[in-house]
Amino acid sequence: MKTIKGPALFLAQYVSDEPPFNTLDGIAGWAASMGFKAVQVPSWDTRLIDLAKAAGDLGYCNEIKATLARHGLHISELSCHLQGQLVAVHPVYDTLFDGFAPKALHGDPDARQAWAVEQLKLAARASANLGLDAVGTFSGALLWPFLYPWPQRPPGLVEEGFDELARRWRPILDVFDTEGVDLCFEIHPGEDLHDGATFERFLEAVDHHPRCHILYDPSHLLLQQLDYLAFLDRYHARIRMFHVKDAEFNATASQGVYGGYTSWVERAGRFRSLGDGQVDFKGIFTRLAQYDFEGWAVIEWECALKHPEQGALEGARFVAEHIILVTDRAFDDFADAKTDQGANRALLGLGAVQAARHE
(Lines give C-alpha, C1' and ligand atoms only; values in the text may rest on other atoms or scores of the structure.)
Protein backbone atom coordinates (compact mmCIF):
# COMPACT_ATOMS: atom_id res chain seq x y z
CA MET A 1 0.00 0.00 0.00
CA LYS A 2 1.00 3.62 -0.51
CA THR A 3 0.84 6.61 1.82
CA ILE A 4 -1.01 9.63 0.42
CA LYS A 5 1.15 12.71 -0.09
CA GLY A 6 0.25 15.98 1.57
CA PRO A 7 -0.87 18.37 2.72
CA ALA A 8 -0.94 20.46 -0.46
CA LEU A 9 -2.84 23.67 -1.22
CA PHE A 10 -4.67 24.79 -4.37
CA LEU A 11 -3.51 28.38 -4.84
CA ALA A 12 -6.43 29.69 -6.91
CA GLN A 13 -8.31 31.00 -3.87
CA TYR A 14 -5.22 32.73 -2.44
CA VAL A 15 -3.31 34.42 -5.25
CA SER A 16 -3.92 38.18 -5.43
CA ASP A 17 -2.19 41.46 -6.27
CA GLU A 18 -1.15 41.92 -2.63
CA PRO A 19 2.17 40.59 -1.25
CA PRO A 20 3.02 37.85 -0.49
CA PHE A 21 0.26 36.41 -2.67
CA ASN A 22 1.27 38.10 -5.94
CA THR A 23 4.37 36.07 -6.83
CA LEU A 24 5.22 32.38 -6.85
CA ASP A 25 8.11 32.94 -4.46
CA GLY A 26 6.00 34.97 -2.06
CA ILE A 27 3.00 32.67 -1.95
CA ALA A 28 5.30 29.63 -1.70
CA GLY A 29 6.95 31.07 1.39
CA TRP A 30 3.57 31.76 2.94
CA ALA A 31 2.24 28.26 2.08
CA ALA A 32 5.33 26.63 3.60
CA SER A 33 4.84 28.65 6.78
CA MET A 34 1.29 27.25 7.02
CA GLY A 35 2.65 23.69 6.96
CA PHE A 36 2.06 22.70 3.34
CA LYS A 37 4.38 20.40 1.41
CA ALA A 38 3.14 21.17 -2.10
CA VAL A 39 1.02 23.61 -4.07
CA GLN A 40 -1.41 23.06 -6.91
CA VAL A 41 -0.88 25.83 -9.45
CA PRO A 42 -3.70 27.49 -11.44
CA SER A 43 -2.23 27.48 -14.94
CA TRP A 44 -4.22 30.51 -16.09
CA ASP A 45 -2.64 32.89 -13.58
CA THR A 46 0.46 34.50 -15.10
CA ARG A 47 1.54 35.81 -11.70
CA LEU A 48 2.46 32.21 -10.90
CA ILE A 49 3.29 30.54 -14.22
CA ASP A 50 3.67 31.30 -17.93
CA LEU A 51 1.99 28.21 -19.35
CA ALA A 52 3.23 28.60 -22.92
CA LYS A 53 6.80 29.10 -21.70
CA ALA A 54 6.56 26.09 -19.40
CA ALA A 55 5.37 23.97 -22.32
CA GLY A 56 8.51 24.67 -24.32
CA ASP A 57 11.30 25.66 -21.95
CA LEU A 58 12.78 23.06 -19.60
CA GLY A 59 15.03 25.69 -18.05
CA TYR A 60 12.04 27.78 -17.06
CA CYS A 61 10.37 24.71 -15.53
CA ASN A 62 13.52 24.03 -13.52
CA GLU A 63 13.41 27.62 -12.24
CA ILE A 64 9.82 27.11 -11.06
CA LYS A 65 10.75 23.93 -9.24
CA ALA A 66 13.82 25.59 -7.73
CA THR A 67 11.70 28.51 -6.47
CA LEU A 68 9.39 26.10 -4.68
CA ALA A 69 12.24 23.90 -3.46
CA ARG A 70 13.77 26.89 -1.63
CA HIS A 71 10.68 26.74 0.59
CA GLY A 72 10.63 22.95 0.83
CA LEU A 73 7.68 22.65 -1.58
CA HIS A 74 6.72 20.63 -4.65
CA ILE A 75 4.12 21.18 -7.35
CA SER A 76 1.35 18.64 -6.88
CA GLU A 77 -0.38 19.33 -10.21
CA LEU A 78 -1.40 22.10 -12.59
CA SER A 79 -5.05 23.13 -12.74
CA CYS A 80 -6.80 24.00 -16.02
CA HIS A 81 -10.31 24.38 -14.66
CA LEU A 82 -11.08 27.72 -16.32
CA GLN A 83 -9.71 26.66 -19.71
CA GLY A 84 -11.50 23.31 -19.54
CA GLN A 85 -14.78 25.10 -18.86
CA LEU A 86 -14.39 26.91 -22.18
CA VAL A 87 -13.98 23.74 -24.24
CA ALA A 88 -17.78 23.38 -24.13
CA VAL A 89 -20.04 26.34 -23.32
CA HIS A 90 -23.76 26.45 -23.99
CA PRO A 91 -24.64 29.81 -25.62
CA VAL A 92 -26.78 30.84 -22.65
CA TYR A 93 -23.55 31.09 -20.61
CA ASP A 94 -21.41 32.85 -23.24
CA THR A 95 -21.33 36.22 -21.54
CA LEU A 96 -20.77 34.79 -18.07
CA PHE A 97 -17.79 32.68 -19.18
CA ASP A 98 -16.12 35.30 -21.37
CA GLY A 99 -14.21 36.40 -18.28
CA PHE A 100 -12.33 33.09 -18.25
CA ALA A 101 -10.60 33.98 -21.54
CA PRO A 102 -8.33 36.86 -22.66
CA LYS A 103 -10.24 40.06 -23.32
CA ALA A 104 -9.44 39.96 -27.04
CA LEU A 105 -11.55 36.78 -27.34
CA HIS A 106 -14.65 38.09 -25.59
CA GLY A 107 -17.75 37.81 -27.74
CA ASP A 108 -16.13 35.23 -30.04
CA PRO A 109 -17.08 31.73 -28.80
CA ASP A 110 -15.25 29.88 -31.57
CA ALA A 111 -11.96 31.71 -30.97
CA ARG A 112 -12.41 31.31 -27.23
CA GLN A 113 -12.88 27.56 -27.57
CA ALA A 114 -9.84 27.22 -29.85
CA TRP A 115 -7.76 29.12 -27.29
CA ALA A 116 -9.00 26.85 -24.50
CA VAL A 117 -8.13 23.69 -26.43
CA GLU A 118 -4.61 24.98 -27.08
CA GLN A 119 -4.25 25.87 -23.40
CA LEU A 120 -5.07 22.29 -22.40
CA LYS A 121 -2.49 20.96 -24.83
CA LEU A 122 0.10 23.36 -23.45
CA ALA A 123 -0.73 22.16 -19.94
CA ALA A 124 -0.02 18.57 -20.98
CA ARG A 125 3.40 19.53 -22.29
CA ALA A 126 4.15 21.82 -19.36
CA SER A 127 3.24 19.08 -16.90
CA ALA A 128 5.57 16.65 -18.64
CA ASN A 129 8.37 19.22 -18.48
CA LEU A 130 7.69 19.76 -14.79
CA GLY A 131 7.71 16.03 -14.07
CA LEU A 132 4.02 15.94 -13.17
CA ASP A 133 1.64 13.11 -14.03
CA ALA A 134 -1.84 14.68 -13.75
CA VAL A 135 -3.78 17.85 -14.60
CA GLY A 136 -7.13 18.91 -13.14
CA THR A 137 -9.91 20.42 -15.25
CA PHE A 138 -13.61 20.93 -15.78
CA SER A 139 -15.38 19.27 -18.71
CA GLY A 140 -17.48 22.25 -19.71
CA ALA A 141 -21.18 21.79 -20.39
CA LEU A 142 -23.53 21.69 -23.35
CA LEU A 143 -26.37 19.92 -21.55
CA TRP A 144 -26.51 21.69 -18.17
CA PRO A 145 -29.54 23.86 -19.10
CA PHE A 146 -31.42 20.60 -19.69
CA LEU A 147 -30.45 18.97 -16.38
CA TYR A 148 -34.02 18.75 -15.09
CA PRO A 149 -36.26 16.85 -17.52
CA TRP A 150 -38.87 19.57 -17.89
CA PRO A 151 -39.72 20.50 -20.51
CA GLN A 152 -39.38 16.93 -21.67
CA ARG A 153 -36.06 16.37 -23.41
CA PRO A 154 -36.39 15.28 -27.05
CA PRO A 155 -35.03 11.80 -27.89
CA GLY A 156 -31.33 11.80 -28.70
CA LEU A 157 -30.53 15.17 -27.08
CA VAL A 158 -28.41 13.74 -24.25
CA GLU A 159 -26.66 11.29 -26.56
CA GLU A 160 -25.77 14.03 -29.03
CA GLY A 161 -24.53 16.25 -26.22
CA PHE A 162 -22.11 13.61 -24.93
CA ASP A 163 -21.02 12.67 -28.44
CA GLU A 164 -20.12 16.30 -29.11
CA LEU A 165 -18.36 16.65 -25.76
CA ALA A 166 -16.30 13.56 -26.62
CA ARG A 167 -15.46 14.94 -30.08
CA ARG A 168 -14.06 18.07 -28.46
CA TRP A 169 -12.07 16.31 -25.73
CA ARG A 170 -10.73 13.28 -27.61
CA PRO A 171 -7.90 15.21 -29.42
CA ILE A 172 -6.93 16.81 -26.11
CA LEU A 173 -6.83 13.44 -24.37
CA ASP A 174 -4.63 12.11 -27.16
CA VAL A 175 -2.07 14.88 -26.52
CA PHE A 176 -2.11 14.04 -22.83
CA ASP A 177 -1.49 10.41 -23.73
CA THR A 178 1.48 11.38 -25.88
CA GLU A 179 2.92 13.35 -22.96
CA GLY A 180 2.24 10.59 -20.41
CA VAL A 181 -0.05 12.77 -18.27
CA ASP A 182 -3.54 11.97 -16.93
CA LEU A 183 -6.38 14.45 -17.45
CA CYS A 184 -8.63 14.50 -14.39
CA PHE A 185 -12.15 15.90 -14.68
CA GLU A 186 -13.53 17.37 -11.48
CA ILE A 187 -17.01 15.97 -10.91
CA HIS A 188 -18.86 19.23 -10.35
CA PRO A 189 -22.35 20.73 -10.74
CA GLY A 190 -22.49 23.07 -13.73
CA GLU A 191 -20.39 20.61 -15.75
CA ASP A 192 -21.71 17.86 -17.98
CA LEU A 193 -19.57 15.55 -15.84
CA HIS A 194 -21.25 16.18 -12.49
CA ASP A 195 -21.78 12.67 -11.06
CA GLY A 196 -20.79 9.06 -11.63
CA ALA A 197 -23.47 8.40 -14.24
CA THR A 198 -22.35 11.31 -16.41
CA PHE A 199 -18.68 10.37 -16.06
CA GLU A 200 -19.53 6.85 -17.22
CA ARG A 201 -21.38 8.24 -20.25
CA PHE A 202 -18.40 10.38 -21.18
CA LEU A 203 -15.89 7.60 -20.56
CA GLU A 204 -17.81 5.36 -22.93
CA ALA A 205 -18.02 8.15 -25.52
CA VAL A 206 -14.21 8.53 -25.52
CA ASP A 207 -13.77 4.73 -25.76
CA HIS A 208 -12.46 4.42 -22.21
CA HIS A 209 -9.48 6.59 -23.06
CA PRO A 210 -6.47 5.67 -20.87
CA ARG A 211 -5.94 9.32 -19.87
CA CYS A 212 -9.55 10.08 -18.91
CA HIS A 213 -9.71 10.21 -15.12
CA ILE A 214 -11.43 11.84 -12.14
CA LEU A 215 -10.57 14.63 -9.73
CA TYR A 216 -12.42 13.54 -6.60
CA ASP A 217 -13.94 16.32 -4.48
CA PRO A 218 -16.41 14.98 -1.90
CA SER A 219 -17.97 18.39 -1.22
CA HIS A 220 -19.70 18.45 -4.62
CA LEU A 221 -20.99 14.92 -4.11
CA LEU A 222 -22.34 15.63 -0.63
CA LEU A 223 -24.21 18.71 -1.86
CA GLN A 224 -25.87 16.52 -4.51
CA GLN A 225 -26.63 13.89 -1.82
CA LEU A 226 -24.51 11.22 -3.49
CA ASP A 227 -22.85 8.44 -1.53
CA TYR A 228 -19.34 9.85 -1.75
CA LEU A 229 -17.74 6.86 0.02
CA ALA A 230 -19.37 4.33 -2.29
CA PHE A 231 -18.19 6.58 -5.14
CA LEU A 232 -14.62 5.72 -4.13
CA ASP A 233 -15.46 2.02 -4.07
CA ARG A 234 -16.89 2.20 -7.58
CA TYR A 235 -14.52 4.60 -9.34
CA HIS A 236 -11.22 4.35 -7.46
CA ALA A 237 -9.42 2.93 -10.52
CA ARG A 238 -10.11 6.21 -12.37
CA ILE A 239 -9.39 8.63 -9.50
CA ARG A 240 -6.01 10.32 -9.91
CA MET A 241 -6.51 13.65 -8.07
CA PHE A 242 -8.10 14.61 -4.76
CA HIS A 243 -9.44 17.95 -3.53
CA VAL A 244 -9.93 17.92 0.22
CA LYS A 245 -12.96 20.16 0.69
CA ASP A 246 -15.72 20.08 3.27
CA ALA A 247 -19.42 20.89 2.95
CA GLU A 248 -22.70 20.57 4.79
CA PHE A 249 -26.28 19.97 3.70
CA ASN A 250 -29.16 20.83 6.02
CA ALA A 251 -32.50 20.69 4.25
CA THR A 252 -35.15 23.15 5.43
CA ALA A 253 -38.84 23.66 4.85
CA SER A 254 -38.05 26.24 2.18
CA GLN A 255 -35.15 24.80 0.21
CA GLY A 256 -33.20 21.69 -0.70
CA VAL A 257 -30.39 20.85 -3.12
CA TYR A 258 -31.32 23.62 -5.57
CA GLY A 259 -30.80 26.35 -3.00
CA GLY A 260 -33.69 28.66 -3.83
CA TYR A 261 -31.34 31.29 -5.36
CA THR A 262 -30.15 32.20 -1.87
CA SER A 263 -26.63 33.34 -0.98
CA TRP A 264 -23.97 30.82 0.05
CA VAL A 265 -24.44 31.72 3.71
CA GLU A 266 -28.18 31.04 3.54
CA ARG A 267 -28.14 27.91 1.38
CA ALA A 268 -29.16 24.51 2.73
CA GLY A 269 -25.99 23.19 1.11
CA ARG A 270 -22.80 25.20 1.52
CA PHE A 271 -19.04 24.75 1.50
CA ARG A 272 -17.21 24.82 4.84
CA SER A 273 -13.62 24.88 6.04
CA LEU A 274 -12.13 21.49 6.79
CA GLY A 275 -13.60 19.94 9.91
CA ASP A 276 -16.53 22.36 10.05
CA GLY A 277 -18.76 20.41 7.66
CA GLN A 278 -20.26 16.93 7.40
CA VAL A 279 -17.83 15.07 5.13
CA ASP A 280 -16.50 11.83 6.64
CA PHE A 281 -12.81 12.35 5.91
CA LYS A 282 -11.73 9.41 8.06
CA GLY A 283 -13.75 7.19 5.76
CA ILE A 284 -12.30 8.88 2.67
CA PHE A 285 -8.66 8.67 3.73
CA THR A 286 -9.19 5.05 4.78
CA ARG A 287 -10.52 4.12 1.35
CA LEU A 288 -7.84 6.04 -0.51
CA ALA A 289 -5.19 4.17 1.49
CA GLN A 290 -6.99 0.89 0.84
CA TYR A 291 -7.07 1.55 -2.90
CA ASP A 292 -3.41 2.68 -3.14
CA PHE A 293 -4.13 6.27 -4.19
CA GLU A 294 -0.76 7.66 -5.27
CA GLY A 295 -1.54 11.36 -5.47
CA TRP A 296 -1.65 14.40 -3.23
CA ALA A 297 -4.28 15.43 -0.69
CA VAL A 298 -4.85 19.00 -1.96
CA ILE A 299 -6.91 21.44 0.06
CA GLU A 300 -9.25 23.54 -2.04
CA TRP A 301 -10.38 26.08 0.50
CA GLU A 302 -13.89 27.47 0.13
CA CYS A 303 -16.09 28.52 3.03
CA ALA A 304 -19.07 30.81 3.41
CA LEU A 305 -17.98 31.90 6.89
CA LYS A 306 -14.31 31.47 7.78
CA HIS A 307 -11.34 33.62 6.71
CA PRO A 308 -9.18 31.88 4.09
CA GLU A 309 -5.91 32.17 6.03
CA GLN A 310 -7.47 30.55 9.10
CA GLY A 311 -8.84 27.89 6.78
CA ALA A 312 -5.37 27.24 5.35
CA LEU A 313 -3.67 26.98 8.73
CA GLU A 314 -6.33 24.70 10.21
CA GLY A 315 -6.63 22.75 6.96
CA ALA A 316 -2.94 21.88 6.77
CA ARG A 317 -3.11 20.41 10.27
CA PHE A 318 -6.38 18.64 9.48
CA VAL A 319 -4.98 16.87 6.43
CA ALA A 320 -1.72 15.97 8.16
CA GLU A 321 -3.71 14.34 10.97
CA HIS A 322 -5.90 12.38 8.52
CA ILE A 323 -3.18 11.00 6.25
CA ILE A 324 -2.72 7.33 7.06
CA LEU A 325 0.89 6.16 7.23
CA VAL A 326 0.21 2.76 5.73
CA THR A 327 1.68 -0.27 7.44
CA ASP A 328 4.47 -2.37 5.96
CA ARG A 329 3.53 -5.47 7.97
CA ALA A 330 0.46 -7.40 9.08
CA PHE A 331 -0.78 -6.57 12.59
CA ASP A 332 -0.67 -10.26 13.58
CA ASP A 333 2.85 -10.99 12.31
CA PHE A 334 3.91 -11.58 15.91
CA ALA A 335 1.90 -14.82 15.80
CA ASP A 336 3.43 -16.06 12.54
CA ALA A 337 3.95 -19.83 12.82
CA LYS A 338 6.50 -19.72 9.97
CA THR A 339 5.34 -22.96 8.39
CA ASP A 340 6.36 -24.31 4.99
CA GLN A 341 4.51 -26.13 2.23
CA GLY A 342 5.04 -29.51 3.81
CA ALA A 343 3.71 -28.31 7.14
CA ASN A 344 0.73 -26.70 5.43
CA ARG A 345 -0.11 -29.96 3.65
CA ALA A 346 0.15 -31.83 6.90
CA LEU A 347 -2.30 -29.39 8.48
CA LEU A 348 -4.70 -30.12 5.63
CA GLY A 349 -4.32 -33.86 6.16
CA LEU A 350 -2.33 -34.22 2.93
CA GLY A 351 0.90 -36.21 3.14
CA ALA A 352 3.94 -36.37 0.90
CA VAL A 353 2.64 -39.44 -0.97
CA GLN A 354 -0.57 -37.67 -1.89
CA ALA A 355 1.48 -34.67 -3.03
CA ALA A 356 3.51 -36.90 -5.29
CA ARG A 357 0.36 -38.48 -6.75
CA HIS A 358 -1.05 -35.02 -7.42
CA GLU A 359 2.11 -34.06 -9.25
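1. Basis of the model. The structure is predicted, with local features requiring pLDDT of at least 70 and side-chain atom pairs counted only at pLDDT 80 or more, whereas totals for chains, interfaces and linings use all residues. Residues are numbered from 1 along each chain as its sequence is written, and side-chain values use heavy atoms, with hydrogens and water left out.

2. Overall architecture. The protein has 14 helices and 10 strands; these are DSSP runs numbered from the N terminus, with helices being H or I of at least four residues and strands being E of at least two. The C-alpha trace spans about 85 × 55 × 50 Å along its principal axes. Of the 359 residues, 48% are buried. Buried here means under 20% relative accessible area, exposed means over 50%, and partly exposed lies in between, with a 1.4 Å probe and protein chains only.

3. The largest pocket. The space in the largest pocket amounts to about 1400 Å³. Its lining comprises 47 residues, and W144, L147, H188, P189 and G190 are the closest to the centre. A pocket is an open set of points on a 1 Å grid over the protein atoms alone, with protein on both sides within 12 Å along at least five of seven lines; a lining residue has an atom within 4 Å of a point. Grid points are joined across faces, edges and corners, and the volume is the space filled by probe spheres set on the points.

4. Composition of that lining. At least two residues of the lining of the largest pocket come from each of α4 (81-85), α7 (157-179), α8 (196-205), α9 (218-223) and β9 (269-272). By class, this lining holds 25 nonpolar, 12 polar and 10 charged residues. Ala, Val, Leu, Ile, Met, Phe, Trp, Tyr, Cys and Pro count as nonpolar, Asp, Glu, Lys and Arg as charged, and the others, Gly among them, as polar.

5. The second largest pocket. About 380 Å³ of space is found in the second largest pocket. Of its 20 lining residues, I239, R240, F293, E294 and G295 lie nearest the centre. Both β3 (74-79) and β7 (239-244) supply at least two residues of this lining, and β3 gives the largest share, with 3 residues. The lining of the second largest pocket divides into 9 nonpolar, 4 polar and 7 charged residues.

6. The cavity. How many cavities of 30 Å³ or more does a search of the whole structure find? The search finds 1. A cavity is a set of grid points where a 1.4 Å probe fits but cannot get out. The largest cavity holds about 40 Å³ of space. Among the residues lining the largest cavity are V244, K245, D246, R272, W301 and G311. The classes in this lining are 4 nonpolar, 2 polar and 5 charged.

7. Cis peptide bonds. Most residues other than glycine have a negative phi, and most peptide bonds are trans. The bond from P19 to P20 is cis, with omega near 0 degrees, and P20 belongs to the loop between β1 (5-10) and α1 (24-34). W150 and P151 are also joined by a cis peptide bond, with omega about 5 degrees. P151 sits in the loop between β4 (134-137) and α7.

8. Positive phi values. D207, which is not a glycine, has a positive phi of about 60 degrees. This residue lies in the loop between α8 and β6 (212-216) and is exposed, at 56% relative accessibility. Y261, likewise other than glycine, has a positive phi near 60 degrees. Y261 is placed in the loop between β8 (246-249) and β9, and its relative accessible area of 86% makes it exposed.

9. A nonpolar patch. Y148, W150, V257 and Y258 make a nonpolar surface patch of about 570 Å². Accessible areas come from the Shrake-Rupley method with a 1.4 Å probe, and for residues only the protein chains shown count as cover. V257 lies in the loop between β8 and β9 and is partly exposed, at 38% relative accessibility.

10. A buried loop residue. D45 is located in the loop between β2 (38-42) and α2 (51-56). At 8% relative accessibility, D45 is buried. The C-alpha atoms of D45 and S16 are separated by 9.8 Å, with the two residues 29 apart along the chain.

Definitions and conventions: Patch = residues over 30% accessible without salt bridge, like charges linked within 9 Å, V, L, I, M, F, W, Y side chains within 5 Å. Salt bridge = Lys/Arg side-chain N within 4 Å of Asp/Glu carboxyl O.
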